[in-house]
Amino acid sequence: MDRFIDSIEWIAALFVGIVALNTFVAVFMRKFFAVTIPDYYNVGQFMLGILIFWGIAATSYRGTHITVDLVWANVRPRYQRFIDIFATLVLLFVVTVQTYTLFDKVMTTRADHIVTMDLQIPIWPFFLVSWIGDVSAVLLIAIRTYRLIFHPEDIHDAKIKPVE
């Protein structure tokens with residue numbers, strides 16, 4: 001299971017690199033050769049969307065994203081666990097609904113044959129990769145929920161120190 005979780009994180013990191021490379025190459029070509037790469041802006045936008053959904057997947061399991069835990073930090077560990085379970089269940093619900101709606105977007109975009117401006121690249125595959133990232137987020141949140149309820153010792157959260 002940890003190997004699956006790590007692979008999701010590596011895929012998210014790969015998309016960070018692709019977005020950075022796309023931006024670097026576009027700026028480099030424009031600055032030094034006065035050449036604009038066709039559809040680089042549109043592809044960059046879609047890759048950024050992919051990055052966001054895969055980033056949600058990567059951060060949803062680890063619990064190391066930015067949080068404000070004023071109540072959580074001031075209650076006993078038993079109640080902290082209840083808060084964690086409740087918050088993870090809410091996140092699971094929200095991301096599941098988001099995944100459903102994004103799948104609808106993939107299907108309607110494919111059916112409408114929407115393409116990019118310059119190269120006429122269909123955009124539905126970008127949405128599909130984003131949706132796969134969202135599905136990965138649902139799976140990882142479900143794994144986190146299961147582990148929080150039945151095996152809390154398997155959760156690898158960063159240790160949070162309350163502010164003194």
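1. Helices (H or I, at least four residues) and strands (E, at least two) are DSSP runs, numbered from the N terminus. Helix α1 is followed by A34, whose phi is positive, near 55°.

2. A word on the source. This is a predicted model, in which local features need pLDDT of at least 70, side-chain atom pairs count only at pLDDT 80 or more, and totals for chains, interfaces and linings use all residues. Residues are numbered from 1 along each chain as its sequence is written, and side-chain values use heavy atoms, with hydrogens and water left out.

3. Start with α1, residues 2-33. It has 32 residues. From first C-alpha to last it reaches 46 Å, close to the 46 Å expected at 1.5 Å a residue (the expected span is 1.5 Å times one less than the number of residues).

4. Which residues of α1 are buried? They are I5, I8, A12, F15, V19, N22 and A26. Buried means under 20% relative accessible area, exposed over 50%, partly exposed in between (1.4 Å probe, protein chains only). The cover over these buried residues includes α2 and α4.

5. Next, α2 (residues 40-62) against α4. They pack at an angle of about 5°, with axes 7 Å apart. Axes are lines fitted to C-alpha atoms, for helices over the stretch in contact, and angles run from 0 to 180 degrees between N-to-C directions. The angle makes α2 roughly parallel to α4. Angles under 35 degrees count as roughly parallel, over 145 as roughly antiparallel, 65 to 115 as roughly perpendicular and the rest as oblique. The contact of α2 with α4 has 17 nonpolar, five polar and four charged residues. Ala, Val, Leu, Ile, Met, Phe, Trp, Tyr, Cys and Pro count as nonpolar, Asp, Glu, Lys and Arg as charged, and the others, Gly among them, as polar.

6. Now α3 (residues 77-111) and α4 (residues 124-150). Their axes come within 9 Å and cross at roughly 160°. That makes α3 roughly antiparallel to α4. By class, their contact has 20 nonpolar, seven polar and six charged residues.

7. Look at S136 in α4. Is S136 buried or exposed? S136 counts as buried, because its relative accessibility is 6%. Leaving out residues up to four places away in sequence, S136 touches I8, W54 and A57. Contact means heavy atoms within 4.5 Å.

8. T99 sits in α3. T99 is buried too, at 9% relative accessible area. Beyond its neighbours within four places in sequence, T99 is in contact with W131, D134, V135 and V138.
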